[in-house]
Amino acid sequence: MRPTTESVWNTFNERLRKFIRVRVADENDTEDLLQEVFFRIHTRIDSLEDDTRLAAWVYQITRNLIIDYYRSRRELLPLEESFPVDMELNDPSAEAEIAAGLKEMITGLPKKYSQALILTEFQGLKQTELAEQLGLSFSGAKSRVQRGRDMLRQSLLDCCHFEFDRLGSMIAYTPRPDSCETCRVDR
């Protein structure tokens with residue numbers, strides 16, 4: 001027998017609320033996301049091909065909505081056609097110090113990768129929009145962004161040693177001797 005929205009609600013309501021609450025700090029946002037999950041379940045329940053995979057399907061919908069929630073809340077940095085000449089940072093955190101050196105690191109990448117990173121990471125273009133704008137296939141745009149990220153990550157790791165807290169947030173960095181002129185900021 002095909003599951004109904006009501007039966008899914010009765011089975012998963014509390015578990016999903018807890019699942020979302022662990023991942024989303026705000027109680028109201030948790031409730032909103034839970035309602036959106038069940039709205040999607042209600043409108044798409046006919047697309048469920050294998051009833052034995054109901055739990056996996058429900059949790060995949062929930063995970064996707066949580067990801068969308070955080071993406072929509074991501075703060076985008078407005079940028080001109082190119083980077084500003086001087087980035088003014090009043091935040092004394094390690095992240096702010098590293099951010100000051102990112103301009104040189106990104107512009108030091110091959111042009112096609114730096115362009116992909118600037119358009120997606122700083123100007124908020126989706127990778128599908130990047131593909132259209134640059135005349136690439138979607139997979140080509142994804143590859144270009146991923147390679148640019150990998151190159152930037154490697155530049156950062158070559159430049160500095162990073163320390164992270166238990167939640168994965170950077171708390172400090174140490175420039176590597178003789179190799180970190182890019183992100184070195186007067187301390």
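Predicted model: local features only at pLDDT ≥ 70, side-chain atom pairs only at ≥ 80, totals over all residues.
Local features need pLDDT of at least 70 and side-chain atom pairs count only at pLDDT 80 or more, while totals for chains, interfaces and linings use all residues. Residues are numbered from 1 along each chain as its sequence is written, and side-chain values use heavy atoms, with hydrogens and water left out.

The protein chain has seven helices and two strands, taken as DSSP runs numbered from the N terminus (helices H or I, at least four residues; strands E, at least two). Their order from the N terminus is α-α-α-α-α-α-α-β-β. Of the 187 residues, 33% are buried (under 20% relative accessible area, 1.4 Å probe, protein chains only). The chain exposes about 12,600 Å², and carbon and sulfur atoms supply 49% of that area (Shrake-Rupley method, 1.4 Å probe). Among contacts (heavy atoms within 4.5 Å) with a separation of 6 or more, 55% join residues 24 or more positions apart.

Helix α6 spans residues 127–134, and its buried residues are Gln127, Leu130 and Ala131. They lie on the same side of α6 because they cover an arc of only 100° around the axis, taken from the directions from the helix axis to the C-beta atoms. Their cover includes α5 (111–122) and α7 (138–159). After α6 comes Gly135, with a positive phi near 70°.

Strands β1 (residues 160–164) and β2 (residues 170–175) pair in the antiparallel sense over five bridges; pairing requires at least two DSSP bridges between two strands. Cys160 stands opposite Pro175 in β2. The two strands, β1 and β2, form a hairpin with five residues between them. In the turn, Gly168 has a positive phi of about 90°.

Key
Buried < 20%, exposed > 50% of the residue type's maximum accessible area, 1.4 Å probe, protein only.
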